[in-house]
Amino acid sequence: MKNTKNSIPDDIYAGFIRSLFNDPAILLIGAFCHGLMGLLTWYTSGESIYIWLASAMLAAGLYRYFGILRGQKVGPFSVEMARKWELRYLIGGTLQAFFMGMFAFVALVVKPDPFGELAAVAVIMGSTVTIVGRNYGSAKMVAVQTFTVVLPIALGLMLKGEYPYVALGLFIVPFIYIITRMAGHVREVLFAAISQEKISARIAERFDRALNTMSHGLVMLSPEGRVVVANSEAAKALQFQRPDRLLGRSLRAVLMRGVAGGLLSYKDVRYVETQLTRALGEGRDRKLQIRSNNGRYYELSARAGNDQLGVITFEEITARVEAEERIRHMARFDSLTNLPNRGWFHELVGELMASGDGSRHCAIVVFDLDDFKTVNDTLGHPIGDGMICAVAEKLARFASDEVKVSRFGGDEFIIFFNRVSGEAELTALIDQMFLDLQGTVDVQGHALKVQLSAGTVISRVRETDVDAMIVKADLALYRAKELGKNRWCLFESTMDAEFRSRQTMKADLRSAVEQRQLRVVYQPIVALSTMRIASCEALCRWDHPELGAISPGIFIPLAEEIGIIADISTFVLEQACAECVKWPESVSVSVNLSAKDFHSRDVVEKVRAALDQAGLAPHRLEIEVTETALLDDKSSTRAFLEELKSLGVRIALDDFGTGYSSLSYLHTLPLDKVKIDRSFVIDITQNERSLILLTKVCELSRGLGMLVTIEGVETFEQLKLLAGAVDPDLVQGFLFGAALTSTGIDTMSNMTWPFAGELRAAARSQG
Ligand code: C2E
Ligand code: CA
Ligand code: CA
């Protein structure tokens, strides 16, 4: 680094120039010394020129002195000012040096005087020391002064002409170099030191800024456990005005200050202190979460650093803790009812069951709203939700430390009783709940009737677990629904067996369908006018390898439940069409389709494919549908029926009279026939009202242009009455035979029932 003004940064240059204006007193002393030396020389030599020189040196010294005083008053220099003041300084310094040089030159050469020589050389040599000491800051000043002071002496000595003086004069010349070089060196050293200091200051400043803009509070502890660094966040949190107020305090003192500021509670101090010091001592990182008296959360972390300096940071984490709390709540509680959800209920109950006396009894109750789906379907989901909430609110009142209430999803609620004395108490509890829950609730102006079913199980705690209890309570609920809803059932061990056998039966049915082990039989349907077979109903049969023949009344609902009814329908359709082709033209076939078949458009394709595959004329196939199918989803079912009808297939409404039976929609549907359920026929021989009812239903259907089949005709007695009063188009029942194989039908197809003649006679006598 060169020592010219241009090579050093402006701020340092200004600083150097400013340093020239330090310590003016020395100049004052120097000025008087110079004056005095001049006077003394005048005294010894008697030459008046020394008076003038003494005055000039004094005046120049005083001029510099006052100039420096003025410069000092200005305060710190800007670069511009530094330039101006350096010039003034140069003028003063040059003047003084010039007069001193002149003094030496005169004493040596012009008016030689032995005392003057000594005095001048002494004054100048002394001054050269101050040139370095005072003026190193200005290279120009050093150069000018050195030349003007040293050169006249050297010149003077040489001009004396005597050999030793000339040698002395020459000897002084390098002195110029030495002085300028020394001043330069001082300047370089100082410059390096100042630069380093500046760099350090800048780093310190950045470090300070980083530290004080941190959102964490930070204190750094010395190995002795005293604060050596603290940031402003720490000062703020601990209510100190400035971070340096924390310095030198012990960790405990800092924590106590935190107590005073409400940051942590007094009882936590000892714990926090030991945890943090231990972590720092062992060189581990450690995090602590504390809750302040005002409900806010803080996290303290200890981090062991280098040189055994431990760093403790702290941060307010209330928002994070609250967010975590919210997330945990969302994961544990049902959003609609705010009751514990399935997972959380499971955990809560698991914990309760794991503790306490294992021989005590506990119980679980599963509640399910009856026909909740209808509320959802007819009034919409918001109303359904409202109803769930109303029930949840009532149920929540039973919750306590010992009773856990949960919503398991949908319309299902579950309650755990941690301790019940026995069945009697449980019965009383559930009866009370039923009383409280039933009745009407108001949801957005709709008065909704709440009706529920429940299943419950009681068990010794050590003999069971949550999952097993839920399964059993569910089985009991299933039974309650089976028994007609609006009631509750206690689990019995036979339910378990039934459940298992149901499960195995489902699996067996599945494989029976896959392996086409079902078969189809056909029951004759007879035309009343001819007493000959007009058609046959295809009925499905399943012969279970161990349990024997299983009624379709059992396995058809099972197939619907496990979703394989469509496969059965396809199978029966294909079989029925294939067999019917083999029968005489006059005999048709009827196939039962399930309500579930109408959930998909496939049903139409399926029928078309079965007809095509068998080559059966469509008018010889009839599809039987129940009212449930029509009610399920009116619009698409209607569309599929229309499509089936456009294929040329006929449609019959099955089991008429058993369901919701509204004749009003009959005429809006594309129906060809109504099959009146056998429950209408059972007592017509004893009960005249039944006969009248049957007659009216029949007349009505006919009026709507539909044919009528009467099912379940078992006796000739019944047939006679029907023929006389009702006169249906077709009859079906055990009187004409139960279902038989396809070949059986083929054989019977030409026969006329023997009682045809009798019937006609009876009808004639009645008519
Ligand atoms: P369903 O459609 O009403 O069929 C008539 C049922 O009444 C048959 O019972 C038949 O054996 C019985 N039955 C006929 N005449 C008489 C009688 O005079 N007295 C009495 N007590 N019963 C008589 P099955 O075969 O047990 O079928 C029961 C139900 O199973 C059927 O009732 C039908 O709903 C369903 N089902 C049968 N096969 C199929 C099928 O292939 N597909 C579908 N989806 N359902 C079927
Ligand atoms: Ca049927
Ligand atoms: Ca029927």
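Cavities and their linings

Tutor: The lining of the largest cavity divides into 12 nonpolar residues, one polar residue and no charged residue (Ala, Val, Leu, Ile, Met, Phe, Trp, Tyr, Cys and Pro count as nonpolar, Asp, Glu, Lys and Arg as charged, and the others, Gly among them, as polar). The model is predicted, and totals for linings use all residues, whereas local features need pLDDT of at least 70 and side-chain atom pairs count only at pLDDT 80 or more. Residues are numbered from 1 along each chain as its sequence is written, and side-chain values use heavy atoms, with hydrogens and water left out.

The structure holds four cavities of 30 Å³ or more (a cavity is a set of points, on a 1 Å grid over the protein atoms alone, where a 1.4 Å probe fits but cannot get out; lining residues have an atom within 4 Å of a point). The largest cavity holds about 130 Å³ of space (the volume filled by probe spheres set on the points, which are joined across faces, edges and corners). Its lining has 13 residues, and those closest to its centre are L238, L255, L263, L300 and F314. Two or more lining residues come from each of α9 (251-260), β4 (297-304) and β5 (310-316) (DSSP runs, H or I of at least four residues for helices and E of at least two for strands, numbered from the N terminus). Of these elements, α9 gives the most, with four residues.

The second largest cavity holds about 110 Å³. Its lining comprises F21, Y63, R64, G67, I68, R70, W85, R88, Y89 and G92. Here α3 (49-74) and α4 (79-110) each give two or more residues, and α3 gives the most, with five. This lining divides into five nonpolar, two polar and three charged residues, whereas that of the largest cavity has no charged residue.

Methods:
Chains are lettered from A and ligands numbered from 1 in the order in which they are written. On a 1 Å grid over the protein atoms alone, a cavity is a set of points where a 1.4 Å probe fits but cannot get out, and a pocket is an open set with protein on both sides within 12 Å along at least five of seven lines; lining residues have an atom within 4 Å of a point.
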